[in-house]
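Subject: A structure for you to look at

Hi there,

I have a structure to hand over to you, and I hope you enjoy exploring it. Please open it first and then read my notes beside it.

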Amino acid sequence: VLQRILPAYPLRVFEERAEGKSYAMIAEELGRKKKSIDNALDRAKSTIRFYMDLHDDLDIEMMGHYLLVKSGRFWGTGKRKGKKFATSRSGNRDFL
């Protein structure tokens, strides 16, 4: 689904970040500035949120599984003020 809804650059940034790479590492690999990485990740998250609100074929559980596979880390799910998020084992939350 992600390959269908995200343009190539935000998808690549999202996948690299899901693998646990820092903004600086991604920026260096892609020859971009960290702000460009931040903007692409924001676009990816926004597009994913919008898509999840409108469609049933992608939900937070599926995203959690995707992130688990990409990163090799455990992701839980929950809600906070109506926002969907994934929580890593270390307790960090990445809002979708």
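Let me begin with a definition: the expected span of a helix is 1.5 Å times one less than its number of residues. Helices (H or I, at least four residues) and strands (E, at least two) are DSSP runs, numbered from the N terminus.

Before the findings, two notes on how to read them. This is a predicted model, in which local features need pLDDT of at least 70 and side-chain atom pairs count only at pLDDT 80 or more, while totals for chains, interfaces and linings use all residues. Residues are numbered from 1 along each chain as its sequence is written, and side-chain values use heavy atoms, with hydrogens and water left out.

**The overall layout**

The chain has five helices and three strands. Along the sequence they come in the pattern α-α-α-α-α-β-β-β. Of the chain's 96 residues, 39% count as buried. Here buried means under 20% relative accessible area, exposed means over 50%, and partly exposed is in between (1.4 Å probe, protein chains only).

**Helix H4**

How far apart are the end C-alpha atoms of helix H4? They are 31 Å apart, which agrees with the 30 Å that its 21 residues (34–54) should span at 1.5 Å a residue. The buried residues of H4 are Ser36, Ile37, Ala40, Leu41, Ala44, Lys45, Ile48, Tyr51 and Met52. Looking down the axis of H4, you will find these buried residues within an arc of 170°, so they line one face of the helix. The arc is that of the directions from the helix axis to the C-beta atoms. On the face of H4 turned away from the buried side are the exposed residues Lys35, Phe50, Asp53 and Leu54.

**Helix H2**

H2 is mostly covered, with eight of its 11 residues buried. Those are Tyr9, Pro10, Leu11, Val13, Phe14, Glu15, Glu16 and Ala18. After H2 comes glycine 20, which has a positive phi near 95°.

**The nonpolar core**

In soluble globular proteins, nonpolar side chains tend to be buried together. A nonpolar core is a set of buried Ala, Val, Leu, Ile, Met, Phe, Trp, Tyr and Cys residues joined through side-chain atoms within 4.5 Å. The largest one here has 17 residues, of which Leu2, Leu6, Val13, Phe14 and Ile48 touch the most other members. At least two residues of this core come from each of helix H1 (2–5), helix H2 (8–18), helix H3 (23–30) and H4. H4 gives the largest share, seven residues.

**Two pairs to find on screen**

Isoleucine 5 lies in helix H1 and is buried, with a relative accessible area of 18%. Methionine 25 is in helix H3 and is partly exposed at 43% relative accessible area. Between the C-alpha atoms of methionine 25 and isoleucine 37, 12 residues apart along the chain, there are 10.0 Å.

**Charges and rings**

How many salt bridges does the structure hold? There are four, a salt bridge being a side-chain nitrogen of Lys or Arg within 4 Å of a carboxyl oxygen of Asp or Glu. Lysine 21 pairs with glutamate 16, with 2.5 Å between the closest N and O atoms. Lysine 21 is buried at 18% relative accessible area, and glutamate 16 is buried at 10%. Lysine 21 also meets glutamate 29 in a salt bridge (3.1 Å, N to O), and glutamate 29 is partly exposed at 43%. Salt bridges link Arg12, Glu16, Lys21 and Glu29 in a network.

Another salt bridge joins aspartate 38 and lysine 35 (3.5 Å, N to O). These two are three residues apart in helix H4, so about one helical turn separates them. Lysine 35 counts as exposed, at 53% relative accessibility.

Finally, the charged end of arginine 32 sits over the ring of tyrosine 9, 4.1 Å from its centre. A charge sits over a ring if NZ of Lys or CZ of Arg is within 6 Å of the ring centre and within 35 degrees of the ring normal.
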